[in-house]
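Keep the sequence and the coordinates open beside the text as we go.

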Amino acid sequence: EIRRVKIAFCDALTSGLFKNMLKECINGYSSKVCMFHTIAATSDYTEILKVNPKLLAKYDVNSVEVIYETASSMLENTMADIVVVLSGTFEKPYIAIGDNTAIHLYKFSFNHTHSLISNIMIQTAIFKLIKKLKKNYGLF
């Protein structure tokens, strides 16, 4: 029996659009991939995502420090194989993607509509995730 790859993700930027696109992309792989998802409200960072409250007191939820810690905490607390975090602001959005070997944080700078920024972020996150799934798990 093939072990399912567990993907955990937090979408604090695209209002759930990333989840819908990801579902479409992995539709044929449901027997090999399972997902854990949350949309981050302010209280979710400590209650669900288990981000250190001291870090949240020191930095804004859209800071590099908190976004990285969110990805790290999700890896630890969800027992996921891969985590994806879409967060930040539309002026300064971030994608964090990682596994137990490393977490990579990508910063973007756009001057577009929120809709276009969401689409670019979703496409980039999906691309990075599929690349990792191909490399590490032979999927796609």
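**A guided walk through the model**

His104 is partly exposed, with a relative accessible area of 39%; here buried means under 20% relative accessible area, exposed over 50%, and partly exposed in between, using a 1.4 Å probe and protein chains only. The residue sits in strand 5, which covers residues 103-107; helices (H or I, at least four residues) and strands (E, at least two) are DSSP runs, numbered from the N terminus. Leaving out residues up to four places away in sequence, His104 touches Ile95, Ala96 and Ile97, where contact means heavy atoms within 4.5 Å. His104 and Val84 are 20 residues apart in sequence, and their C-alpha atoms lie 9.7 Å apart.

Before going further, a word on what you are looking at. The model is predicted, so local features need pLDDT of at least 70 and side-chain atom pairs count only at pLDDT 80 or more, while totals for chains, interfaces and linings use all residues. Residues are numbered from 1 along each chain as its sequence is written, and side-chain values use heavy atoms, with hydrogens and water left out.

Now to the interior. A nonpolar core is a set of buried Ala, Val, Leu, Ile, Met, Phe, Trp, Tyr and Cys residues joined through side-chain atoms within 4.5 Å. The largest one here has 24 residues, and Phe18, Val84, Leu86, Met121 and Leu129 touch the most other members. Two or more residues each come from strand 1 (5-11), helix 1 (17-25), strand 3 (82-88), strand 4 (93-98) and helix 5 (114-137). Helix 5 gives the most, with seven residues. A second, separate core of 17 residues includes Cys10, Val51, Val83 and Val85.

Setting aside residues up to four places away in sequence, Val84 touches Ala8, Phe9, Cys10, Phe18, Ala96, Ile97, Ala125 and Leu129.

Next, look at how helix 1 and helix 5 pack. Two packed helices are described by the angle between their axes and the distance between the axes. In this model the axes of helix 1 and helix 5 come within 10 Å and cross at roughly 40 degrees; axes are lines fitted to C-alpha atoms, for helices over the stretch in contact, and angles run from 0 to 180 degrees between N-to-C directions. That angle makes helix 1 oblique to helix 5, since angles under 35 degrees count as roughly parallel, over 145 as roughly antiparallel, 65 to 115 as roughly perpendicular and the rest as oblique. Helix 1 passes helix 5 in a right-handed crossing, meaning that the near helix is turned clockwise from the far one by less than a right angle, with anticlockwise counting as left-handed.

Which residues of the two helices meet? From helix 1 come Leu17, Phe18, Met21, Leu22 and Cys25, and they meet Ile122, Ala125, Ile126, Leu129 and Ile130 in helix 5. By class, this contact has 10 nonpolar, no polar and no charged residues; Ala, Val, Leu, Ile, Met, Phe, Trp, Tyr, Cys and Pro count as nonpolar, Asp, Glu, Lys and Arg as charged, and the others, Gly among them, as polar.

Helix 5 also holds Ser118, which is buried at a relative accessible area of 5%.

Over in helix 4 (64-78), you will find Thr70. With 1% relative accessibility, Thr70 counts as buried. Its contacts beyond four places in sequence are Tyr45, Leu49, Val51 and Val85. Tyr45 itself lies in helix 2 (residues 44-47) and, at 4% relative accessibility, counts as buried.

Finally, visit the loops. Most residues other than glycine have a negative phi, and most peptide bonds are trans. Ser15, in the loop between strand 1 and helix 1, has a positive phi of about 55 degrees although it is not a glycine. Met79, in the loop between helix 4 and strand 3, has a positive phi of about 60 degrees and is likewise not a glycine. Ser15 counts as exposed at 67% relative accessibility, and Met79 is exposed with a relative accessible area of 65%. Ala80 is also found in the loop between helix 4 and strand 3, but at 11% relative accessibility Ala80 counts as buried. Leaving aside neighbours within four places in sequence, Ala80 is in contact with Lys6, Ala8 and Leu75.
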